Amino acid sequence: KCGTLVVFHGSGGDEEPGLLHQYCKVEGSILDYTAAEARNLLTFNKNYAEFGCGPDKITHPGDQDHYCYVETLEEVLKNLRDHPEV
C-alpha cells in the first residue's frame with residue numbers, strides 16, 4: 001500500500017494473498033495496510049496452531065498482545081546479515 005515491502009505469509013491464494021484472519025484474527029489482507037500500520041496495528045493470534053514456536057515466543061509478559069510484529073524486508077535482511085546464526 002505504501003511501497004515498502006513487508007515479510008508476511010498469510011492465508012489465501014494468488015487471487016486473495018495475505019489474508020489476516022488466521023494469523024491475526026482480523027478480516028482483510030496485509031495489502032490493505034501500510035508497513036507502519038501493519039507493524040503498529042496488527043497483533044498475532046498467539047494460539048494459532050501452525051505457529052511452531054508457541055505463545056510464549058509470540059507475546060511478552062509486559063506487552064501481552066503485541067510482542068511480535070510484521071517486519072519490513074529491509075529489517076529482515078539486516079537482521080540476517082548482523083546475526084547469521086539465526
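Student: Which side chain does glutamate 75 meet in a salt bridge?
Tutor: That of arginine 39, at 2.8 Å, N to O. Keep in mind that this is a predicted model.
Student: How many salt bridges turn up in the whole structure?
Tutor: Four. One of them joins glutamate 74 and lysine 78, at 3.1 Å, N to O.
Student: How many residues apart are glutamate 74 and lysine 78?
Tutor: Four, about one turn of the helix, and both lie in helix 4. Glutamate 74 counts as exposed, at 51% relative accessibility. Lysine 78 is partly exposed, at 40%.
Student: Why does glutamate 74 count as exposed at 51%?
Tutor: Because exposed means over 50% relative accessible area, and glutamate 74 has 51%.
Student: And which side chain does aspartate 82 meet in a salt bridge?
Tutor: Arginine 81, with an N to O distance of 2.8 Å. Aspartate 82 is partly exposed at 46%, whereas arginine 81 is exposed at 57%.
Student: Switching to the inside. Which residues make up the largest nonpolar core?
Tutor: There are 11 in all: Phe8, Leu20, Tyr23, Cys24, Ile30, Ala38, Leu42, Phe44, Tyr48, Ile58 and Val70. In soluble globular proteins, nonpolar side chains tend to be buried together.
Student: Take valine 70. What is it in contact with, leaving aside neighbours within four places in sequence?
Tutor: Val6, Val7, Phe8, Ile30, Ala38, Arg39, Leu42 and Phe44. Arg39 is the salt-bridge partner of glutamate 75.
Student: Pockets next. What volume does the largest one have?
Tutor: About 370 Å³. The largest pocket is lined by 13 residues, with Phe44, Cys53, Ile58, Cys68 and Tyr69 nearest its centre. Phe44 and Ile58 are also in the largest nonpolar core.
Student: How does that lining divide by class?
Tutor: Nine nonpolar, one polar and three charged residues.
Student: What about the second largest pocket, which residues lie nearest its centre?
Tutor: Leu5, Val6, Phe8, Ile30 and Leu31, out of 16 lining residues. The volume of the second largest pocket is about 260 Å³. Its lining has 10 nonpolar, five polar and one charged.

Terms used. Residues are numbered from 1 along each chain as its sequence is written. This is a predicted model: local features need pLDDT of at least 70, side-chain atom pairs count only at pLDDT 80 or more; totals for chains, interfaces and linings use all residues. Side-chain values use heavy atoms; hydrogens and water are left out. A nonpolar core is a set of buried Ala, Val, Leu, Ile, Met, Phe, Trp, Tyr and Cys residues joined through side-chain atoms within 4.5 Å. Buried means under 20% relative accessible area, exposed over 50%, partly exposed in between (1.4 Å probe, protein chains only). Contact means heavy atoms within 4.5 Å. On a 1 Å grid over the protein atoms alone, a cavity is a set of points where a 1.4 Å probe fits but cannot get out, and a pocket is an open set with protein on both sides within 12 Å along at least five of seven lines; lining residues have an atom within 4 Å of a point. Grid points are joined across faces, edges and corners, and a volume is the space filled by probe spheres set on the points. Ala, Val, Leu, Ile, Met, Phe, Trp, Tyr, Cys and Pro count as nonpolar, Asp, Glu, Lys and Arg as charged, and the others, Gly among them, as polar. Helices (H or I, at least four residues) and strands (E, at least two) are DSSP runs, numbered from the N terminus.
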